[in-house]
Amino acid sequence: MLNGRKSLFSGMQATGTLTLGNYLGALNNWVTLADEYECFYSVVDMHSITVRQDPATLRKRSRELLTLYIAAGLDPEKNCIYYQSHVSAHAELAWILNCFTYMGELNRMTQFKDKSAKHADNINAGLFTYPVLMASDILLFQTDVVPVGIDQMQHLELARNIAERFNNIYGEVFTMPQAYVGKVGAKIQSLQDPSKKMSKSDENENASIYLTDSPDTVIRKFKRAVTDSEACIRYSDEQPGIKNLINIYSVCTKKTPEEVVKEFEGKGYGDFKMAVGETVASILKPIQEKQADLLKNKDYIDGIIKANGEKANYFATKTLRKVQRKVGFPDRIR
């Protein structure tokens, strides 16, 4: 509990360009949580460097992601939006938690195996201990709730295991975090291969809708979306391409999948794809315009970075000092 409310933490990497899946599965859900939770949303730039980054590009994308959080509806007065690298407690706690994490646990992390295969020339220690830094991110803020996708559940379970192990030794130091999974739109699939999640790192540019895509680009990509030969709009696992489009349209219009199927009863795939494309484009346009305005307002964004960085540091340091004391580090002389 922070400030009398349950706390919530989540974050995104400042690599690549966010997709419609990131928005519908995460950002769109985050906006509704500020009144219920003490929310911390990080631009996790420390996680980003497990893969080599161009420094100027990383700084640029970090600022773009922070402004995109705000443009998508996160109020920086209600939510603590900050850079992970501006809060040194993330790294300090991660080192301590490394000493309470077993090699066997990290060896089982599927994301390490996947990323190692993609970056065989740079399988570094940071990539291996990445889940411990993620655990540090979560546990620093005594997090009660973590909005998490299905593919991140393994990391959350590791964070819980580490917290339980530490608590068993030193007492109730960490809050045991729980998963928050959005009921709808939690997993938006690729437009070209609906068996895979929509990803910002997909090599096929037609597979993902990026939040920066122009309306024409959005509509073109939906027109090229993979469907099937049944020519019938049904919400069925047997038609994964159509099911994915129904999910997207459903979240964007706040209609149930059943209502969507009824709306397009008797219509062809072409009409349906066009409707989905136009709906998505209309949602992305105001976000793009708001972000463009924010990027021009340097003083305003700098003020948010400073104020929210100080807030994140305050709460993170409280937890870090408690942990340091528990493990036996000398008290700091004030």
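Lysine 6 is found in the segment that precedes strand β1 (7-12). In this predicted model, lysine 6 has a relative accessibility of 45% and therefore counts as partly exposed, the class between the limits of 20% and 50%. Along the chain, lysine 6 and glutamine 142 are 136 residues apart, yet their C-alpha atoms are separated by 8.7 Å.

Glutamine 142 belongs to the loop between α7 (125-140) and β4 (145-147). Its relative accessible area is 14%, so glutamine 142 is classed as buried. The backbone of glutamine 142 has a phi near 45°, which is a positive value in a residue other than glycine. Alanine 231 also has a positive phi, near 55°, and is likewise a residue other than glycine. The loop that holds alanine 231 runs between α9 (215-223) and α10. With a relative accessible area of 58%, alanine 231 is exposed.

**Residues within helices**

Methionine 134 is found in helix α7. A relative accessible area of 15% places methionine 134 among buried residues, because the limit for that class is 20%. Methionine 134 and serine 10 are 124 residues apart in sequence, while the distance between their C-alpha atoms is 9.7 Å. When neighbours within four places in sequence are left aside, the contacts of methionine 134 are His47, Gln152 and His155.

Asparagine 244 lies in helix α10. The relative accessible area of asparagine 244 is 3%, so this residue is buried. Beyond residues up to four places away in sequence, asparagine 244 touches Ile188, Gln189, Ser190 and Leu191. Serine 199 is 45 residues from asparagine 244 along the chain, and the C-alpha atoms of the two are separated by 14 Å.

The accessibility values given above are collected here.

| Residue | Relative accessible area | Class |
|---|---|---|
| Lysine 6 | 45% | partly exposed |
| Methionine 134 | 15% | buried |
| Glutamine 142 | 14% | buried |
| Alanine 231 | 58% | exposed |
| Asparagine 244 | 3% | buried |

**Aromatic rings**

How many aromatic pairs does the model contain? The count comes to 14 aromatic pairs, taking ring centres within 6.5 Å of each other. One of them is formed by phenylalanine 40 and phenylalanine 315, whose ring centres are 5.8 Å apart and whose planes make an angle of 80°. Since planes over 60 degrees apart count as edge-to-face, this pair is edge-to-face. Phenylalanine 40 lies in strand β2 (residues 38-43) and phenylalanine 315 in helix α13 (residues 298-327), so the pair ties together parts that are 275 residues apart in sequence. Both phenylalanine 40 and phenylalanine 315 are buried. These two residues belong to one aromatic cluster, together with Phe9, Tyr82, Phe141 and Tyr314.

Charged side chains are also placed over rings. Lysine 311 lies over the face of phenylalanine 40, at 6.0 Å from the ring centre. Elsewhere, the charged end of lysine 243 sits over the ring of tyrosine 235, and the distance to the ring centre is 5.2 Å.

**Helix packing**

Helix α1 (residues 20-30) packs against helix α10 (residues 240-253), with axes 11 Å apart and an angle of about 45° between them. The two helices, α1 and α10, are therefore oblique to each other. The crossing in which α1 passes α10 is left-handed. On the α1 side the contact is made by Leu20, Leu24 and Asn28, and on the α10 side by Ile248, Val251 and Cys252.

Which orientation does α3 take relative to α13? The axes of helix α3 (residues 55-71) and α13 come within 12 Å and cross at roughly 90°. That angle makes α3 roughly perpendicular to α13. Arg63, Leu66, Thr67 and Ile70 are the α3 residues in this contact, and they meet Lys298, Ile301, Asp302, Ile304 and Ile305 of α13.

Definitions and conventions. Residues numbered from 1 in each chain as written. Predicted model: local features only at pLDDT ≥ 70, side-chain atom pairs only at ≥ 80, totals over all residues. Heavy atoms only, no water. Phe/Tyr/Trp six-rings, centres within 6.5 Å; stacked < 30°, edge-to-face > 60°. Helix = DSSP H or I, 4+ residues; strand = E, 2+ residues; numbered from the N terminus. Buried < 20%, exposed > 50% of the residue type's maximum accessible area, 1.4 Å probe, protein only. Lys NZ or Arg CZ within 6 Å of the ring centre and 35° of its normal. Axes fitted to C-alpha atoms, helices over the stretch in contact; angles between N-to-C directions. Parallel < 35°, antiparallel > 145°, perpendicular 65-115°, else oblique. Left-handed = near helix turned anticlockwise from the far one by under 90°. Contact = heavy atoms within 4.5 Å.
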